[in-house]
Every structure is written in C-alpha cells, then in structure tokens.
Amino acid sequence: MTFKTLAIALALIAVPTLTLAEGCFHGKEKQAMSCATGTTYDSATKSCMPVST
C-alpha cells in the first residue's frame, strides 16, 4: 500500500511539471512575415513598406 501511495504521489507531482515544461517556448516561436503584393518587409521599421522602383 505504501508503494502505491508513493507512486500516485509522484505521478501527481510529475504530470503538471511535464505539462508546464511543454510550454517553455511560448513567445519564442518565429512566424514568417507576409506582406501584401507591391510591398516588402523592412526589418528596420518591422513593417511592410511599398516597393519603390
């Protein structure tokens, strides 16, 4: 009975910890920027700028 209690207690501690570890990269993902036709992404202003020819 002591082993079962210990195993359940460890599972209850480990599961939330592992679940939180899955979300460690929140906000660090990179997403591709897409601009409308006739514009291009300007990294200095971090926005889409019209293409000048």
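Analyst: Helices (H or I, at least four residues) and strands (E, at least two) are DSSP runs, numbered from the N terminus. By that rule lysine 46 lies in the loop between β1 and β2. This is a predicted model, in which local features need pLDDT of at least 70 and side-chain atom pairs count only at pLDDT 80 or more, while totals for chains, interfaces and linings use all residues. Residues are numbered from 1 along each chain as its sequence is written, and side-chain values use heavy atoms, with hydrogens and water left out.

First, the setting. The protein has one helix and two strands, and along the sequence they follow the pattern α-β-β. The predictor's confidence in each residue is given as pLDDT, from 0 to 100. The mean pLDDT of the protein is 79, and 68% of its residues reach 70 or more. Among the elements, α1 has the lowest mean pLDDT (80), while β2 has the highest (90).

The hairpin is built from β1 and β2, with four residues between them. Two strands count as paired if DSSP finds at least two bridges between them; β1 and β2 pair in the antiparallel sense over four bridges. In the turn, lysine 46 has a positive phi of about 55°, although lysine 46 is not a glycine. Relative accessible area sorts residues into buried (under 20%), exposed (over 50%) and partly exposed in between, using a 1.4 Å probe and protein chains only. Lysine 46, at 63%, is exposed. Of the 53 residues in the protein, buried residues make up 0%.

Within the pairing, tyrosine 41 stands opposite cysteine 48 in β2. A disulfide is a covalent bond between the sulfur atoms of two cysteines. A search of the whole structure finds one, and it joins cysteine 35 to cysteine 48 with an S to S distance of 2.1 Å. Cysteine 35 lies in the loop between α1 (2-22) and β1 (39-42), whereas cysteine 48 is in strand β2 (residues 47-50), so the pair ties together parts that are 13 residues apart in sequence. The torsion about the S-S bond is about -80°, so this disulfide is left-handed. Both ends are partly exposed: cysteine 35 has 26% relative accessibility, and cysteine 48 has 28%.

Threonine 39 belongs to the other strand, β1. At 27% relative accessibility, threonine 39 counts as partly exposed. Contact means heavy atoms within 4.5 Å. Leaving aside neighbours within four places in sequence, threonine 39 is in contact with Cys48, Met49, Pro50 and Val51. Threonine 39 and methionine 49 are 10 residues apart in sequence, and their C-alpha atoms are 5.2 Å apart in space. A polar atom of the threonine 39 side chain also lies 2.6 Å from the backbone oxygen of alanine 36.

Serine 52 counts as exposed, at 67% relative accessibility. From serine 52 to glycine 38 is 14 residues in sequence and 8.9 Å in space, C-alpha to C-alpha.

Technical notes: Disulfide = S-S within 2.5 Å. Polar contact = N/O pair within 3.5 Å; in protein donor to acceptor, adjacent residues only side chain to side chain.
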